[in-house]
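Hi everyone, thanks for coming. I'd like to walk you through a couple of ligand sites today, so let me put the structure up.

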Amino acid sequence: MSKRSVLVVCAVVFSSMFVAAGLFAGTAVKDSFKMESKIYTKHTYAAPTLSHKKHVDDYKAKCGDCHHDSKGKPLANLKAGSNVQKCSECHKKPGKKPSGGAKLTDQQKREYHAEALHDNCIGCHKTHNKSLPKGGKKSPVSCNDCHPGGKIK
Ligand code: HEC
Ligand code: HEC
Ligand code: HEC
Ligand code: HEC
């Protein structure tokens, strides 16, 4: 083979790897969806959209950065078709922790669904924004960036 055709073959193999990876992550979960967990009888903030596929493919987040087992241990080997649980199956209490009252440990706090989600989403975004290259794009950390329009009136 000429050098040129080797290059072409490499390019084809390389790009089909990406297509395969995309399909893989896309079969069991939508590429992008609104987070409107069913444990809420009423949401108070507009539903955030999670670009699930982009987070994996473009932002290079790993399954285990967000999904973990019943002990909180990252699920590093998740695959499309794996039995993935909703966050709310374990972080069961809807909303944020009540204001005032007894001081909760971090773990007690995260029994509240919104606290667990905020810790996960905003936690990574803050870390990401700290090490941005000059002119790099920030990931959202303020309410209305994730909850478009903010509080529901
Ligand atoms: C940035 C965080 C994040 C990353 C990275 C991520 N996920 Fe998810 N994934 C979520 C969230 C949040 C949900 C919605 C869960 C819910 O509704 O409680 C979800 C939902 C899913 C669902 C559907 C579950 C259901 O019952 O609706 C599957 C399947 C899934 N993810 C698989 C994966 C796999 C496989 C990977 C790695 C290739 C991955 N996820 C990477 C955050 C992530
Ligand atoms: C099978 C039960 C289970 C499911 C499903 C689950 N969690 Fe957890 N999670 C735990 C346990 C147990 C811990 C450890 C106790 C703690 O730190 O709160 C934990 C810890 C956490 C933490 C703190 C530790 C860390 O990794 O930073 C965050 C944030 C979190 N979960 C978010 C989520 C999100 C987001 C989802 C859905 C994508 C999810 N959890 C799904 C059980 C679960
Ligand atoms: C492991 C790290 C990580 C976690 C966890 C994470 N994100 Fe992100 N997110 C990123 C990065 C990195 C970017 C943007 C990078 C860029 O634009 O170049 C981003 C961008 C976004 C954006 C703006 C761009 C887009 O794709 O829509 C939204 C909205 C967003 N994230 C929502 C969420 C939500 C909701 C969660 C929790 C369910 C979450 N993210 C969890 C890393 C993370
Ligand atoms: C990185 C994205 C992100 C940011 C920033 C963010 N949230 Fe959230 N928030 C979420 C996600 C995801 C959920 C879970 C929604 C669901 O699954 O139903 C949530 C849930 C909530 C809930 C519980 C659901 C409801 O509608 O009542 C409240 C309240 C809330 N957020 C308020 C806030 C406030 C106030 C701020 C700013 C201080 C904020 N959020 C910032 C992603 C974000």
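Let's start at the iron atom of ligand 2: its six donor atoms subtend angles of 87 to 179°, and therefore the arrangement is octahedral. Please keep in mind that we are looking at a predicted model.

Which residues does the protein contribute as donors to this iron atom? They are H68 and H91, each through NE2, and they lie 1.9 to 2.0 Å from the iron. This pair links distant parts of the chain, since H68 and H91 are 23 residues apart. Both sit in the loop between α3 (63-66) and α4 (106-109).

Now let's move over to ligand 4. There are 22 residues around this ligand, and the ones that come nearest are T44, H118, C143, C146 and H147. Two of those histidines are worth a look. The side chain of H118 has an N or O atom 2.8 Å from a nitrogen atom of ligand 4, and for the side chain of H147 the distance from a nitrogen atom of the ligand is also 2.8 Å. The elements giving two or more residues to this shell are α5 (113-130) and α6 (143-146). Of the elements, α5 gives the most, with seven residues.

There is a backbone contact as well: a polar backbone atom of M35 is 3.4 Å from an oxygen atom of ligand 4.

Finally, what is the shell around ligand 4 made of, by class? We have twelve nonpolar residues, eight polar ones and two charged ones. Thanks, everyone!

Terms used:
Residues numbered from 1 in each chain as written. Chains lettered and ligands numbered in written order. Predicted model: local features only at pLDDT ≥ 70, side-chain atom pairs only at ≥ 80, totals over all residues. Heavy atoms only, no water. Near = heavy atom within 4 Å. Polar contact = N/O pair within 3.5 Å; in protein donor to acceptor, adjacent residues only side chain to side chain. Helix = DSSP H or I, 4+ residues; strand = E, 2+ residues; numbered from the N terminus. Nonpolar A, V, L, I, M, F, W, Y, C, P; charged D, E, K, R; others polar. Donors = N, O, S within 2.8 Å, 3.2 Å for Na, K, Ca; no water. Tetrahedral: all angles 85-135°; square planar, octahedral: opposite > 155°, others 65-115°.
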